[in-house]
Amino acid sequence: MDELIARVTQKTGLDQDTARKAIGLILGYLQKEGPQNEVNQLIAALPGAQDAIEQAKTGAGGGMMGMIGSMGGGVMALGGQLMGIGVSMGQMQPLGKELFAYGREKAGEDTMGAIMGSIPGLSQFV
């Protein structure tokens, strides 16, 4: 997880704590919305991923955007949660691209392709 956090902070300019929360929020979203088999393979391939998901659940975005994000569903809700923890719109795409590139390296193209193909609107973030 440290390697992924370092790559995300380099690409986005986020601090390590925010990067970890953002990764946890995204993985938690995938866990909820994606194909269970493939998402479980991804999480298993990323040491520390389940801990990041649990941490994100307990401290997921405050403020108005976090509240809006928690009310709705889908990718827009995830975007609201990310903004609630301090991720700007301009940082979301590089964050997603880096997370999914790392996922491809660790869990494989087939796993990531199945996840991306199953969640409407996800491709705009990666």
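Trainee: Which helix does Met92 lie in?

Mentor: Met92 lies in helix α7. Helices here are DSSP runs of H or I with at least four residues, strands are runs of E with at least two, and both are numbered from the N terminus.

Trainee: What sort of model is this?

Mentor: It is a predicted model, where local features need pLDDT of at least 70 and side-chain atom pairs count only at pLDDT 80 or more, while totals for chains, interfaces and linings use all residues. Residues are numbered from 1 along each chain as its sequence is written, and side-chain values use heavy atoms, with hydrogens and water left out.

Trainee: Back to Met92. Buried or exposed?

Mentor: Met92 counts as buried, at 3% relative accessibility. Buried means under 20% relative accessible area, exposed means over 50%, and partly exposed is in between, with a 1.4 Å probe and protein chains only.

Trainee: What does Met92 touch?

Mentor: Leaving out residues up to four places away in sequence, Met92 touches Gly79, Leu82, Met83, Val87 and Phe125. A contact means heavy atoms within 4.5 Å. As for Gln124, it is 32 residues from Met92 along the chain, and their C-alpha atoms are separated by 9.7 Å.

Trainee: Why use a probe at all?

Mentor: Rolling a probe the size of a water molecule over the atoms shows where empty space is left.

Trainee: Which residues line the largest cavity?

Mentor: The lining includes Ile26, Leu78, Leu82, Met92, Leu95, Phe100 and Phe125. α7 gives the most, with 5 residues, and α6 (74-84) and α7 each supply at least two.

Trainee: Polar or nonpolar in there?

Mentor: The lining divides into 10 nonpolar, 1 polar and no charged residues. Ala, Val, Leu, Ile, Met, Phe, Trp, Tyr, Cys and Pro count as nonpolar, Asp, Glu, Lys and Arg as charged, and the others, Gly among them, as polar.

Trainee: What is buried in α6, then?

Mentor: In α6 the buried residues are Val75, Ala77, Leu78, Gly79, Gly80 and Leu82. After α6 comes Gly86, with a positive phi near 105 degrees.

Trainee: New topic: α3. Which of its residues are buried?

Mentor: Helix α3 covers residues 36-45, with Val39, Leu42 and Ile43 buried. Seen down the axis of α3, these fall within an arc of 95 degrees, so they line one face of the helix. The arc is taken from the directions from the helix axis to the C-beta atoms.

Trainee: And what do they pack against?

Mentor: They pack against α2 (16-33), α4 (49-58), α7 (89-107) and α8 (109-118). The face of α3 turned away from its buried side carries Asn37 and Ala44, which are exposed.

Trainee: What about α8? Which residues are buried there?

Mentor: Those are Thr111, Met112 and Ile115. They cover an arc of only 90 degrees around the axis, which puts them on the same side of α8. They pack against α2, α3 and α7, while the face turned away from the buried side carries the exposed residues Asp110 and Gly117.

Trainee: Where is Pro120?

Mentor: Pro120 is in the segment after α8. Pro120 is exposed, with a relative accessible area of 68%. Its C-alpha atom is 7.7 Å from that of Val75, 45 residues away along the chain.

Trainee: At the other end, what does Ile5 touch?

Mentor: Ile5 is in helix α1 (residues 2-12) and is buried, with a relative accessible area of 4%. Not counting residues up to four places away in sequence, Ile5 touches Gln16, Ala19, Arg20 and Ile23.

Trainee: Last one: how many helices and strands in the chain?

Mentor: There are 8 helices and 0 strands. Of the 126 residues, 44% count as buried. Among contacts between residues at least 6 apart in sequence, 64% join residues at least 24 apart.

Note on methods: 1 Å grid on protein atoms, 1.4 Å probe; cavity = no way out; pocket = protein on both sides within 12 Å on 5 of 7 lines; lining within 4 Å.
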